[in-house]
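Let's take a friendly walk through a protein model. Have a look at the sequence and the 3D view first, then read on.

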Amino acid sequence: MRIERVTPVAQAEDEPDDPAGEPLLAGLYAIARACDLPGPAMSRRSFAVSVRTGFGGERTEAWAALDGDQVVGGYVLRLPQDDNTHLAQLRLMTRPDRRREGIGGALLDHAIGRARGEGRRVLIAEAAADGPGPGFAEARGFSAATTENRLVLDLRTADWSGLELLRARSVRHATGYSLERWTGPTPDDLLGDMARLNEGMNDEPLGDLAMEDRRWTGDRVRAGEELLTRAGQRMYTMIARHTASGEPAGFTQILVDAEQPEGWGRQGATTVLRPHRGRRLGLVLKLANLTWFRACEPSAERVITWNSVRNPHILAINKEMGFEVFDTWHQWQLAI
Ligand SMILES: CC(C)(COP(=O)(O)OP(=O)(O)OC[C@H]1O[C@@H](n2cnc3c(N)ncnc32)[C@H](O)[C@@H]1OP(=O)(O)O)[C@@H](O)C(=O)NCCC(=O)NCCS
């Protein structure tokens, strides 16, 4: 078995996919699809963008394990550049019919070498609780740093009149705020607001994960959105603004993979900045965005979201909205 690079180093953003890497990329995508669990799947287009660049301030490289000309496994390594430069994030996979042959272990050793070479001290990988990930991670000395649930709201069976009543009741606690919304990239004059709002995500509980706050600028927001657009993602964003001060107070986002929607919407970030918490703004934002999203995307059947089990506030909001637990994941961490 040999390990070959799928994507070349540090490409210009507008450069087309490397044609020589195409069969490896196709092989890796096939394995990623074979590893898919129930839930929204990544389109080929989205996968190609995520393998080349990642979606927010990191450099990404991908490697494939080959047996002859067959891709039998691979990994994607994300190396944050703007912050968290002590860590690397790993997505590791072995073709289902070639597991327990040492391929995953060899790929992990290779990835550790790459990450160390970039001066990284911590490796983070996520894996579903039901499946081979935990057994492999424990055998290789990782420890579980966070537990997250994926939750799903079925839009076909949701109690829409109950949700409208909930919105009307909640909005009474959130007087003094106005809502603004847009599809696609953020308008230029709101990029500064979006950078501030994204900083609010740094308050999310991360358990034992050795992750530092992420630093946001308007340029970073724009760069991430451009990649999402290139990956075929449609974005629905809603923000709340404090009327008296004109300050941004909170935001929420839902995304759809335009190439492979399959009835799924994916909840993106939701946050309310500290001075504005405790006024039901999070619930108001999420309900308003969901209603708007459903009107714009009539074929959407379900929305999926990720929540740390240690985040009671967002869990309470999602429970009130009717989200139900779908499955459980851990982030595994290894000092390298
Ligand atoms: C996790 C994964 C990458 C392991 O790949 P692999 O090629 O089977 O790994 P290896 O053969 O090198 O396994 C190394 C050791 O990990 C442990 N291990 C691997 N799979 C395991 C499982 N299903 N249950 C328990 N232990 C397991 C064993 O100790 C194994 O050694 P052994 O076979 O000599 O007992 C593969 O199962 C996979 O692609 N899973 C889906 C994606 C995923 O969960 N990735 C997250 C990784 S953190």
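Predicted model: local features only at pLDDT ≥ 70, side-chain atom pairs only at ≥ 80, totals over all residues.

Residues are numbered from 1 along each chain as its sequence is written.

**How the domains meet**

Between them, 17 residues of domain 1 are in contact with 24 residues of domain 2 (two residues are in contact if their C-beta atoms, placed from the backbone, lie within 7 Å). On the side of domain 1 that touches domain 2, helix α2 (residues 44-52) gives the most, with four residues. Helices (H or I, at least four residues) and strands (E, at least two) are DSSP runs, numbered from the N terminus.

**The sheet**

Twelve strands form an open sheet with mixed pairing, in the order β1-β2-β3-β4-β5-β12-β6-β11-β10-β9-β8-β7. Two strands pair if DSSP finds at least two bridges between them. Which strands stand at the edges? They are β1 (2-5) and β7 (177-183), each with a single partner strand, so one side of each is left without a neighbour in the sheet. From one strand to the next, the twist averages 25°.

Inside the sheet, strand β6 (residues 143-154) runs antiparallel to strand β11 (residues 302-308), and seven bridges join them. Here Leu151 stands opposite Thr305 in β11.

**Helices on the sheet**

Two helices can be set side by side. Axes are lines fitted to C-alpha atoms, for helices over the stretch in contact, and angles run from 0 to 180 degrees between N-to-C directions.

| Helix | Strands | Angle |
|---|---|---|
| α1 (residues 22-34) | β1, β2 (58-67), β3 (70-80), β4 (87-94) | about 90° to β3 |
| α8 (residues 281-296) | β7, β8 (233-242), β9 (248-257), β10 (264-272), β11 | about 35° with β9 |

**A helix pair**

The axes of α8 and helix α9 (residues 312-321) come within 10 Å and cross at roughly 45°. That makes α8 oblique to α9 (angles under 35 degrees count as roughly parallel, over 145 as roughly antiparallel, 65 to 115 as roughly perpendicular and the rest as oblique). Gly282, Leu283, Lys286 and Leu287 of α8 make the contact with Ile317, Glu320 and Met321 of α9.
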